[in-house]
Amino acid sequence: MSDRLDKGKEWFDKVYGDGKSEGLIEMQTGLGQDLARFGIEFNFGDIYSRPGLSLAQRELLSLASLVTIGGLEPQLRGHTRGALRVGCSPTEILETVIHTVQYCGFPKALNAMRVITDELQLQGQEIPPALGPDE
């Protein structure tokens, strides 16, 4: 195994849990395993491991990016779990989605809000109440 892959697996597992990097590779078939490995090496071995941002900040940025792209529900669910694991609160996660609406529009933000809220509830998290129009 390469040093880059080892480093990527270490950082991936910090975000998602012990052994999850192996699970990502194993869930793919054939050449798909190469693609998963590339993602672990590059995304986590090269990018997530850089100094300057905390894992929590990186997860919130990842969520914001996924919301603005749209149509990436499995990745939204995964990064929601990752964000919780590295210490983000449900409020921080949901406020990140609210912040993106100005860049991506209401349909993408509302769809992401539903996916993320569902995942937070699946993870046993309490959903913060609405602030209402006066807050």
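Helix α6 passes helix α7 in a right-handed crossing, a crossing being right-handed if the near helix is turned clockwise from the far one by less than a right angle, and left-handed if anticlockwise. The structure is a predicted model, in which local features need pLDDT of at least 70 and side-chain atom pairs count only at pLDDT 80 or more, while totals for chains, interfaces and linings use all residues. Residues are numbered from 1 along each chain as its sequence is written, and side-chain values use heavy atoms, with hydrogens and water left out.

Helices here are DSSP runs (H or I, at least four residues), numbered from the N terminus. Helix α6 covers residues 90-104 and α7 covers residues 106-122; their axes come within 8 Å and cross at roughly 165°. Axes are lines fitted to C-alpha atoms over the stretch in contact, and angles run from 0 to 180 degrees between N-to-C directions. The two helices are therefore roughly antiparallel, a term for angles over 145 degrees. On the α6 side the residues involved are Pro90, Ile93, Leu94, Val97, Ile98, Thr100, Val101 and Cys104, and these meet Phe106, Lys108, Ala109, Ala112, Met113, Ile116, Thr117 and Leu120 of α7, contact meaning heavy atoms within 4.5 Å. By class, this contact has 13 nonpolar, two polar and one charged residues (Ala, Val, Leu, Ile, Met, Phe, Trp, Tyr, Cys and Pro count as nonpolar, Asp, Glu, Lys and Arg as charged, and the others, Gly among them, as polar).

Helix α7 also packs against α4, at an angle of about 125° and with the axes 8 Å apart. That angle makes α4 oblique to α7. The crossing of this pair is right-handed. Leu63, Val67, Thr68 and Ile69 of α4 make the contact with Lys108, Ala109, Ala112 and Ile116 of α7. Six nonpolar, one polar and one charged residues take part in the contact of α4 with α7.

The 17 residues of α7 should span 24 Å at 1.5 Å a residue, and the end C-alpha atoms are 24 Å apart, which agrees; the expected span is 1.5 Å times one less than the number of residues. Buried residues of α7 are Ala109, Ala112, Val115, Ile116, Thr117, Glu119 and Leu120, where buried means under 20% relative accessible area, exposed over 50% and partly exposed in between (1.4 Å probe, protein chains only). The cover over these residues includes α4, α5 and α6. Just after α7, Gly124 takes a positive phi of about 80°.

Helix α4 (residues 55-69) has 15 residues and reaches 21 Å from its first C-alpha to its last, close to the 21 Å expected. In α4, Leu55, Ala56, Arg58, Glu59, Leu60, Ser62, Leu63, Leu66 and Val67 are buried. These buried residues pack against α1 (3-16), α3 (31-48), α5 (73-85), α6 and α7. Gly70 follows α4 and has a positive phi, near 80°.

Two individual residues were also examined. Pro128 is found in the segment after α7 and is partly exposed, with a relative accessible area of 28%. Not counting residues up to four places away in sequence, Pro128 touches Pro90, Thr91 and Leu94. Between Pro128 and Thr117 there are 9.9 Å in space, C-alpha to C-alpha, the two being 11 residues apart in sequence. Ser21 lies in helix α2 (residues 20-26) and is buried, with a relative accessible area of 2%. With residues up to four places away in sequence not counted, Ser21 touches Lys9, Phe12, Asp13 and Ile40.

Methods: Parallel < 35°, antiparallel > 145°, perpendicular 65-115°, else oblique.
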